[in-house]
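The model and its sequence come before the notes.

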Amino acid sequence: MKVYFVRHGKDDENFRGGWSNLGLVPEGVEQAKRLATLLKEKKEEYGIKKILSSDLMRAKETAEILAEALKLPLQADARLREVDNGDLAGMPNEEALEKYPDLFWSTLKPDECYPNGENPMQFFSRIKEWFETFLKECKEADGNVLVVTHGGVINVVYHLVGNMEWSNAKKSISVGNCSVHVLDVERMEIGEENMFEELRYEEMTDTHLDELAQLYVDTFNTEPWNDEWTFETARKRLQQLLHSEDSFGLCVYQGGQLCGAVLGVLEQYFDGPMYNLHEYWVKNEMRGKRIGSKLFAETEKRLLERGVKNIILITAKGDATEHFYHKQGMETDPDMVFMSKRIGD
């Protein structure tokens, strides 16, 4: 089952949000209509059977546009509201800066309330309680669910799903107006779905090597790997793998930009070919947008067409990459041991 979290369309940024009940600006209405058109075109693919929404005007207006397009009833829920900013709700920015010059969401202490509003921990607890109840209800759901809410709510959901420590003082996860964030309930994996730019896949050839090598360096020379690749060493490794007998590699592009790649070799086993996955990397800026999962799914599809019955790989134990592969259905083999021997130095 999947849950599609949508942030409301654009509202008037000249006023404080929170529990403001101001509606969408014309641009926000157009954003919602555009998303509604895309959801309607892919109605069967997304399989949405139910729509929930915050009862604040900007979210409810967005949800009503989506519900009309999908011909589904809409259920409003006050628990899905943004943080209760009390007296500041809907206040013009200039007035708020004059009356409360040092009061901002990121400056509040965990137990410090907005004037006549919530404190950060009360907000977090409200969303956490709703989310835990919602997940139990999902077990009985007939189809996927669309939830129209706010940026702060979606941020809390990301932290709950990723088991990350949440704080209003920390930098928030970017959540754009009418952006879609897909929660796979079975895998407990969430990421942004780019609704407006389709992914394009190309099977790897020598013509891809230069841009692949640069992306490889940019990826693996940063956290959590911190390797020391050069363009030359990265290109040579990829070229060696690509020129191996029965190699298979796949590149993924979005908006003409290389976002990630997978590269390995088909090897004969007693019951048919298996795929030894040697390299898998996604552009740092694109992590958390489900591109890695989609690339893996497309790779599986194309390997099945080649008669592959098994995928094997080696990865670091106990880190984010192992966690990613587990979410793609890979299992740690209890009967196998990875061994190495350094013969240099």
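**Entry 1. The second largest pocket**

I sorted the lining of the second largest pocket by class and found 17 nonpolar, seven polar and seven charged residues. The classes take Ala, Val, Leu, Ile, Met, Phe, Trp, Tyr, Cys and Pro as nonpolar, Asp, Glu, Lys and Arg as charged, and the others, Gly among them, as polar. I note that the model is predicted: local features need pLDDT of at least 70 and side-chain atom pairs count only at pLDDT 80 or more, while totals for chains, interfaces and linings use all residues. Residues are numbered from 1 along each chain as its sequence is written, and side-chain values use heavy atoms, with hydrogens and water left out.

I then looked up the volume of the second largest pocket, which is about 1100 Å³. A pocket here is an open set of points on a 1 Å grid over the protein atoms alone where a 1.4 Å probe fits, with protein on both sides within 12 Å along at least five of seven lines; lining residues have an atom within 4 Å of a point. Grid points are joined across faces, edges and corners, and the volume is the space filled by probe spheres set on the points. Of the 31 lining residues, Ile 312, Leu 313, Ile 314, Glu 331 and Asp 333 are the closest to the centre of the second largest pocket. At least two lining residues come from each of β10, α9, β11 (310-313) and α10. Element names follow DSSP runs numbered from the N terminus, with helices (H or I) of at least four residues and strands (E) of at least two.

**Entry 2. The largest pocket**

I recorded a volume of about 1500 Å³ for the largest pocket. Its lining holds 48 residues, and Arg 287, Gly 288, Ala 320, Thr 321 and Phe 324 lie nearest the centre. Among the elements that give two or more residues to this lining are β10 (272-282), α9 (291-305) and α10 (320-327). By class, the lining of the largest pocket has 24 nonpolar, 13 polar and 11 charged residues.

**Entry 3. Helix α9**

I checked the length of α9, which has 15 residues and reaches 21 Å from its first C-alpha to its last, close to the expected 21 Å. That expectation is 1.5 Å times one less than the number of residues. The buried residues of α9 include Ile 291, Leu 295, Phe 296, Glu 298 and Arg 302. Buried means under 20% relative accessible area, exposed over 50%, and partly exposed in between (1.4 Å probe, protein chains only). After α9 comes Gly 307, with a positive phi near 85 degrees.

**Entry 4. Nonpolar cores**

Which residues of the largest nonpolar core touch the most other members? I found Val 3, Phe 5, Phe 131, Phe 134, Val 147 and Leu 183, out of 32 residues in that core. A nonpolar core is a set of buried Ala, Val, Leu, Ile, Met, Phe, Trp, Tyr and Cys residues joined through side-chain atoms within 4.5 Å. β1 (2-7), α5 (120-138), β4 (144-149) and α6 each supply at least two residues of this core, and α5 gives the largest share, eight residues. Leaving out residues up to four places away in sequence, Phe 134 touches Val 3, Leu 52, Val 145 and Val 147; contact means heavy atoms within 4.5 Å.

**Entry 5. Ser 54**

Is Ser 54 buried or exposed? Ser 54 counts as buried because its relative accessible area is 0%. I placed Ser 54 in the loop between β2 (48-53) and α3 (57-70). Beyond residues up to four places away in sequence, its contacts include Lys 60, Asp 77, Arg 81 and His 150.

**Entry 6. Backbone details in loops**

I found a cis peptide bond between Glu 223 and Pro 224, with omega about 0 degrees. Pro 224 lies in the loop between α7 and α8 (231-242). Asn 226 lies in the loop between α7 and α8 and has a positive phi of about 55 degrees although it is not a glycine. Asn 226 is partly exposed, at 41% relative accessibility. Asn 163 also has a positive phi, near 55 degrees, and belongs to the loop between α6 and β5 (180-184). Asn 163 is exposed, with a relative accessible area of 73%.
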